[in-house]
Each structure stands twice: as structure tokens, then as C-alpha cells.
Amino acid sequence: MEFRKYLRDIASSGIPTLLVKLRGLLILPFLLHTVGLAGYGAWLQVVSSTNLLALLASLGLHSAVIRFHPEEAGREGRSRLLYSALALSLAVAVVLAAGYGATAAPLSRLLLKDGEYAPLFALGALLIPLSVARLLLVSHFRAQDRIRWVAGAESAYGAAEVALLLGAAVLSRATFPVLAASVAALGAYVLFLFATAVREGYTPAAGLAPVTPYLRYSVPLIPTLAADEVLSRGDRLIVGMFLGADSVGLYSAIYALASVPMLFSTPVTHALLPKVVGCWSRGDQAGAARYVGVTVQGMVVATAGTGALLLFLGDPLLRLLGAARSGFLPTGLLVLAGVGAYALARVYSVLFVARKRTGTFSAAWTACGVVNVALNLALV
């Protein structure tokens with residue numbers, strides 16, 4: 001096993017993840033002082049809800065792009081794989097975006113208990129097809145095991161988005177321009193990814209391939225994708241639905257600190273999947289198991305260490321951000337425990353993806369999502 005390269009890939013993937021986390025922590029105090037706690041909460045609700053719809057619109061085909069990439073012959077076959085998946089998922093995304101924008105006012109009342117945020121939801125509809133395009137194009141490059149290249153591109157995108165968001169927040173002191181900055185940054189990034197793929201010879205001119213084999217693999221992942229998003233963001237959506245924009249803003253500040261272990265989970269999963277899929281495609285099941293085993297050990301140590309630090313630093317950091325004076329530990333401990341379990345489950349999930357047993361994993365993950373929503377509704 002090329003563990004050194006694996007560790008380098010994890011470290012490289014961790015850079016954009018770190019930027020995403022830092023983005024949240026940097027944006028939080030700026031938005032609290034410019035658009036207020038309610039504006040911050042409203043921005044998060046739009047981002048969370050559009051992310052959920054984008055994952056559904058993808059039909060799981062971003063995973064199919066990674067899984068079938070080694071089996072396609074040359075650039076022509078891999079181009080057909082990419083653009084067939086992209087065409088179908090974008091068609092679904094456009095339909096969902098149209099519905100999302102048309103129901104902006106009801107969505108505002110449903111998710112924030114106030115119709116005044118309808119313009120935000122109308123603008124946020126653009127995030128759905130853009131997020132789908134980003135997801136599939138990034139998966140295309142990840143399928144080539146270009147983890148560090150993807151990390152560099154994602155890092156540059158994250159830095160640019162932070163700059164635009166902070167500039168919009170300071171200059172406008174309003175939530176709508178902040179969301180517009182998110183849309184502009186994502187649109188520019190998608191154009192860059194597409195242009196790069198075309199420049200490297202992966203063009204739509206290769207035509208489209210029958211999508212049935214890809215859908216047979218990816219469709220069972222749709223409940224899993226929805227459950228995954230619910231497990232990671234559903235609690236904030238429910239808090240906003242029942243308690244409004246102010247409460248979801250405060251809860252999200254606590255969550256931003258308690259979810260620090262995800263700094264390790266996301267880059268590990270991104271680096272692990274191509275390695276395990278490659279081992280499985282070569283018939284090296286033992287190698288795949290060793291990758292997963294070593295990763296789980298590292299995740300347990302990292303999560304436990306992070307949790308121990310936050311036990312002592314959670315409240316001071318929360319006060320430093322300006323979201324609240326105290327109260328991290330009761331809520332933060334519960335979030336931390338859930339994040340740790342979620343991170344380990346994501347590591348084990350790559351074995352099901354590699355073995356093409358997406359239906360089994362989907363059923364288990366969907367059940368977890370349902371239980372999560374039930375408990376959130378009961379506790380809110």
C-alpha cells in the first residue's frame with residue numbers, strides 16, 4: 001500500500017476542508033456584526049436546503065463517475081461517462097431549482113417562520129444546478145486520483161468565496177448581496193472546472209453513453225444521500241422551522257465548534273474512496289481492508305483528542321465568536337458525539353461503495369436519517 005501518498009492525499013484534501021471550516025468561523029462574526037444573527041441564520045437555511053436538493057438532483061451519479069472511471073477505456077469513454085451523468089443530473093437540478101424559486105415565499109415561511117426572506121430563497125435556487133455541476137466535475141478529477149490537484153482547486157475556490165462574502169457583508173450589511181457573492185463564486189468555479197476538463201481532452205463531443213448501468217448503481221444511493229444531508233444539516237433546518245432565524249443562527253454557531261472533527265473526516269473519505277475502489281478493482285480486498293482499518297484507528301484518536309480540547313475550550317471560543325456567552329457543553333457534547341459516529345460511518349461506507357452494495361448501505365443510512373429527524377422533532 002502506498003501509505004505515504006495516501007497520507008499526502010489526506011493532508012492535501014484537508015486544506016480545502018480547513019478553509020471551509022475557517023470560512024464558517026470567519027464569516028460568523030462578520031455576519032453577526034453586519035447582517036445580524038437572524039440574517040446569518042437565514043443565509044444558512046438557504047445554503048442547507050439547496051445543498052440537500054442538489055444532492056438529490058445528482059441522482060448519486062457523482063459516485064458512479066468515480067466508481068466506473070477505471071472501467072472506461074480512454075478519454076472518449078470517460079468523457080461519455082462524465083457528460084452523460086452531468087446532462088441527466090443537471091436536467092433534474094433545473095426542474096428542482098425552478099420549483100424552489102417559484103415557491104420562495106412559502107419556503108421562507110416554512111424554514112424561517114417569516115416570509116421576508118423570500119428573495120433569498122429565489123436567488124438561492126441558482127445554487128442547485130451550480131452545486132450539481134461542481135459535484136460531478138470534482139468527482140471526475142477525484143476519479144483520476146488527482147487528490148492534490150482537487151485540493152488546490154477547492155482551496156482557491158474557498159479562499160475566493162471567503163473574500164467575496166466578507167466584502168459583500170462589510171459593504172452592504174445585508175444578506176442578499178452575501179448570498180449573491182456565494183452564487184457568483186460558485187458559478188465562476190464551475191466554469192473553471194468545465195474549462196479544465198475540456199482542455200484536457202474530456203469534451204462533450206464524445207457523445208453520451210447509456211446511463212442505465214450508472215443509474216442501476218447510483219439510484220440506490222439517493223436515500224443515502226438524503227439521509228447523509230439530513231444527518232449533517234437536518235437539525236439546523238428543523239431548528240429554523242420551529243424556532244426561527246435567530247435560533248438557527250445561534251445553534252449553528254455551537255455546531256461550527258462541535259463539528260471540528262469533520263476536519264479529519266471529509267479529507268480522509270475523499271482520499272480513501274479512490275484507494276479502496278482501486279484495490280477492489282484489482283481484486284486486492286485485503287489491501288482495501290487495511291486502508292480502512294488504519295483510517296478508522298486514526299479517526300478515533302483524532303476525534304477523541306478534539307473532543308477533549310473542546311470540553312475545556314468550547315465556552316471560551318463561543319464567547320469569542322460573539323454568538324453567546326455560555327451554553328456550549330450541553331448542546332455541544334451531543335453534537336460532538338453525533339459527529340464522531342457520523343465520521344466513522346462515512347469511513348466504513350467506502351467498502352459498500354467499492355463492493356457495489358449501495359442498496360444495503362442505503363437502507364441502513366436512511367434508517368439513521370429517519371431516526372435523526374424523529375429525535376430532532378421530539379427534542380426541539
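**Exercise 1. Locate Arg-173 in this predicted model, and decide whether Arg-173 is buried or exposed.**

Solution. Begin with the chain around the residue: Arg-173 is found in the loop between α8 (147-172) and α9 (175-199). Next, consider the backbone, where Arg-173 has a positive phi of about 55° although it is not a glycine. Finally, turn to the surface: the relative accessibility of Arg-173 is 51%, and since exposed means over 50%, Arg-173 counts as exposed.

**Exercise 2. Classify the ring pair of Tyr-83 and Phe-194, and state which helices hold the two residues.**

Solution. A pair of aromatic rings is described by the distance of the centres and the angle of the planes. A search of the whole structure finds nine aromatic pairs. In the pair formed by Tyr-83 and Phe-194, the centres are 6.3 Å apart and the planes stand at 85°, which is an edge-to-face arrangement. Tyr-83 lies in helix α4 (residues 74-102) and Phe-194 in helix α9, so the pair ties together parts that are 111 residues apart in sequence. As for accessibility, Tyr-83 is buried, with a relative accessible area of 5%, whereas Phe-194, at 34% relative accessibility, counts as partly exposed.

**Exercise 3. Classify the ring pair of Tyr-157 and Tyr-189, and name the cluster to which these rings belong.**

Solution. The ring centres of Tyr-157 and Tyr-189 are 4.6 Å apart and the planes lie at 5°, so the pair is stacked. This pair links distant parts of the chain, with Tyr-157 in helix α8 and Tyr-189 in helix α9, 32 residues apart. Tyr-157 is buried at a relative accessible area of 9%, and Tyr-189 is buried at 5%.

**Exercise 4. List the buried residues of helix α5 (residues 104-112), and determine how they are arranged around the axis.**

Solution. The buried residues of α5 are Ala-104, Leu-107, Ser-108, Leu-111 and Leu-112. They cover an arc of only 105° around the axis, which puts them on the same side of α5. An α-helix has 3.6 residues a turn, so residues three or four places apart point the same way. Just after α5, Lys-113 takes a positive phi of about 60°.

**Exercise 5. Describe how α2 packs with helix α12 (residues 245-258), and name residues that make the contact.**

Solution. Two packed helices are described by the angle between their axes and the distance between the axes. For α2 and α12 the angle is about 80°, and the axes are 7 Å apart. Because angles of 65 to 115 degrees count as roughly perpendicular, α2 and α12 are roughly perpendicular to each other. The contact includes Leu-37, Tyr-40 and Leu-44 of α2, and among the residues contributed by α12 are Val-248, Gly-249 and Leu-250.

Notes:
Residues are numbered from 1 along each chain as its sequence is written. This is a predicted model: local features need pLDDT of at least 70, side-chain atom pairs count only at pLDDT 80 or more; totals for chains, interfaces and linings use all residues. Side-chain values use heavy atoms; hydrogens and water are left out. Helices (H or I, at least four residues) and strands (E, at least two) are DSSP runs, numbered from the N terminus. Buried means under 20% relative accessible area, exposed over 50%, partly exposed in between (1.4 Å probe, protein chains only). Rings of Phe, Tyr and Trp (its six-membered ring) pair if their centres lie within 6.5 Å; planes under 30 degrees apart count as stacked, over 60 as edge-to-face and the rest as tilted. The arc is that of the directions from the helix axis to the C-beta atoms. Axes are lines fitted to C-alpha atoms, for helices over the stretch in contact, and angles run from 0 to 180 degrees between N-to-C directions. Angles under 35 degrees count as roughly parallel, over 145 as roughly antiparallel, 65 to 115 as roughly perpendicular and the rest as oblique. Contact means heavy atoms within 4.5 Å.
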